[in-house]
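The sequence and structure come first.

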Amino acid sequence: MTDKPVKPKPLGPIPAGYGSLDGELEIGGHPASYWAAKAGKTPLFVYSRDLLDGRVAQLRAALPDRVGLNYAVKANPYLPVVQHMHGLVDGFDIASAGELAITNKAGIDPAKISFAGPGKRDDELEAAIAAGVTLNCESEGEGRRALAIGERIGKAPRIAMRVNPSFELKGSGMKMGGGAKQFGVDADKVPELARELIEAGAEWRGLHIFTGSQALSAEAIIEAQANVLKLAAKLANDIGHGLPKLNMGGGFGIPYFPGDEPLDLAAVGAALSERVAKLPDALADTDLCLELGRYLAGEAGVYLTRIVDRKASHGATYLITDGGLHHQLAASGNFGTVVRRNYPLAIANRYNESANDVVNVVGCLCTPLDRLADKAELPRADVGDLVAVFCAGAYGATASPSDFLGHGPAAEILV
């Protein structure tokens, strides 16, 4: 009996900005193998300064001048990346005391930092209040704890209210608003709590309204932004203390999978410009910003892992690498996806060669979940070749279980 031919499954689209040099994938002016040699090991995350700069420049060109950019540190907290973003964006959003420590090391002014997260510990609140970071308050209990800590240490907490709106970002990968949520204060409860905190001595910093993430539909983002501005104006009037700042969230997605199309940034920018030009009086003096992480850093990173074995099993070919889901959980399909689809992936040192081999690319872990590509059509590759997994600049190194089975973290480098 002969094994049936394997029908390939498509790979996700390789992001714009990547080319070849000497037949290899080029990153930061050098072939991929150069960076693997420089790091002295694989697996390796390589992040591109040029692509980070380019993405921010695209946003600045498309968005109205009045709308600032905040970097969500959770997307990629690698210190050199955070330091590089310091010169590009207007503010930073953190989600833990650990990320606060990173921004401190990066030399970022605490006045430019806001802190969101539904489970802030007292020691985290104290560190943020003492530093002068804005707390995005997630509940009545958190707000009152912040006041008590501020009174104890003799410093008024800077507080914005994180709002759980009644609407959501349609088509988003993760919905952060609408209905019952652990995130933020339900919109109808915001005015009363905000007035309570202000009257008790908190420094009022405004609102944070985050509706979802990883949306590729410009129409959905435009609708959500319109709803955010409308809700913010209403809440500002109901609170009665003005609105120093409005964090409108983000939600901008990047293409990961076959058939995904890039977000129409020009359409989003044009619609937002039109809205900003006609803001209601309640928002006339409000500082506006978008909070973006994945959209800023995701496509600027590549994960390089080396093939350590090539084997056949029942007619299928497996390329076994020294990396895997412990560094790239999302690419393995185990980070929130219902149906596993292939990320963009290539044989880095055979970047210009024709695809003529259908293979499964897997990691080194003792679990069948450790898959980087299923039935991918690639150039023929063997032991020693480098696999590149794209869209690895966000939610890779620190969003994956690097200690699983004791293989340890990947190297990281900003080039």
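β2 and β3 form a hairpin with 2 residues between them, and Gly28 in its turn has a positive phi of about 60 degrees. Strands here are DSSP runs of E of at least two residues, helices are runs of H or I of at least four, and both are numbered from the N terminus. β3 spans residues 30-31 and runs antiparallel to β2, joined by 2 bridges; strands count as paired if DSSP finds at least two bridges between them. Glu26 has Pro31 in β3 as its bridge partner.

## Basis of the model

This is a predicted model, in which local features need pLDDT of at least 70, side-chain atom pairs count only at pLDDT 80 or more, and totals for chains, interfaces and linings use all residues. Residues are numbered from 1 along each chain as its sequence is written, and side-chain values use heavy atoms, with hydrogens and water left out.

## First hairpin

β1 (residues 19-21) pairs with β2 (residues 24-27) in the antiparallel sense over 3 bridges. One of the bridge pairs is Leu21 with Glu24 in β2. This hairpin also has 2 residues between its strands, and Asp22 takes a positive phi near 55 degrees.

## Helix α7

In α7 (residues 190-199), the buried residues are Val190, Pro191, Leu193, Ala194, Leu197 and Ile198. They lie on the same side of α7 because their arc around the axis is only 165 degrees, taken from the directions from the helix axis to the C-beta atoms. Glu192 and Glu199 are exposed on the face turned away from the buried side. Buried means under 20% relative accessible area, exposed over 50%, and partly exposed in between (1.4 Å probe, protein chains only).

Gly201, which follows α7, has a positive phi near 115 degrees.
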